Amino acid sequence: MKMTDKEARATQKFLGYSYKKGNVVARKIRGMHVDRAISILEMSPQQAARATLKILRSAMANATENHGMKAEALAVKPAPPNKAPRH
């Protein structure tokens, strides 16, 4: 998937929860401004929310430091978690 000039990305592999649980958390914040998404993730009790918060903060840092975007103008783009590899 090719990124545009208005996108920043952060990824994390091999997290300790199922993709279904991650998808529940991702649906909660899809399309929101980053500040609101962070406040929702901070209040969520799920393990997937803590990991998603870490990834979201990393994407924010990538956007502001590497791409020169303003933090208050950022929004969450839909990014469903993928299934883990099977042995």
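Guide: Let us begin with contact, which means that heavy atoms lie within 4.5 Å. This is a predicted model, in which local features need pLDDT of at least 70 and side-chain atom pairs count only at pLDDT 80 or more, while totals for chains, interfaces and linings use all residues. Residues are numbered from 1 along each chain as its sequence is written, and side-chain values use heavy atoms, with hydrogens and water left out.

Visitor: Which residues does Ala 37 touch, not counting residues up to four places away in sequence?

Guide: Setting aside residues up to four places away in sequence, Ala 37 touches Ile 29, Met 32, Leu 56 and Val 76. For Ala 37 and Val 76, which are 39 residues apart in sequence, the C-alpha atoms are 7.7 Å apart in space.

Visitor: Why is Ala 37 called buried?

Guide: Buried means under 20% relative accessible area, exposed means over 50%, and partly exposed lies in between, using a 1.4 Å probe and protein chains only. Ala 37 has a relative accessible area of 0%, and therefore counts as buried.

Visitor: What makes Glu 42 partly exposed?

Guide: The relative accessibility of Glu 42 is 45%, so Glu 42 counts as partly exposed. Leaving out residues up to four places away in sequence, Glu 42 touches Leu 53 and Arg 57.

Visitor: And why does Phe 14 count as exposed?

Guide: Phe 14 counts as exposed because its relative accessibility is 70%. Phe 14 is found in the segment before α1, and its phi is near 60 degrees, which is a positive value in a residue other than glycine.

Visitor: What makes a stretch of the chain a helix?

Guide: Helices are DSSP runs of H or I with at least four residues, strands are runs of E with at least two, and both are numbered from the N terminus. Ala 37 is found in helix α2, and Glu 42 also has its place in helix α2.

Visitor: How do you know that the span of α3 agrees with what its 20 residues should give?

Guide: The expected span of a helix is 1.5 Å times one less than its number of residues. The 20 residues of α3 should therefore span 28 Å, and its end C-alpha atoms are 28 Å apart, which agrees. After α3 comes Gly 68, whose phi is positive, near 70 degrees.

Visitor: What covers the buried residues of α3?

Guide: The buried residues of α3 include Ala 48, Leu 53, Leu 56 and Met 60, and what covers the buried residues of α3 includes α1 and α2.

Visitor: What makes a group of residues a nonpolar core?

Guide: A nonpolar core is a set of buried Ala, Val, Leu, Ile, Met, Phe, Trp, Tyr and Cys residues joined through side-chain atoms within 4.5 Å. The largest nonpolar core here has 19 residues, and those with the most contacts inside it include Ala 37, Ile 38 and Leu 56. The elements that give two or more residues to this core are α1, α2 and α3, and α3 gives the most, with seven residues.

Visitor: Which residues does Ile 38 touch, not counting residues up to four places away in sequence?

Guide: With residues up to four places away in sequence not counted, Ile 38 touches Leu 53, Leu 56, Arg 57 and Met 60.
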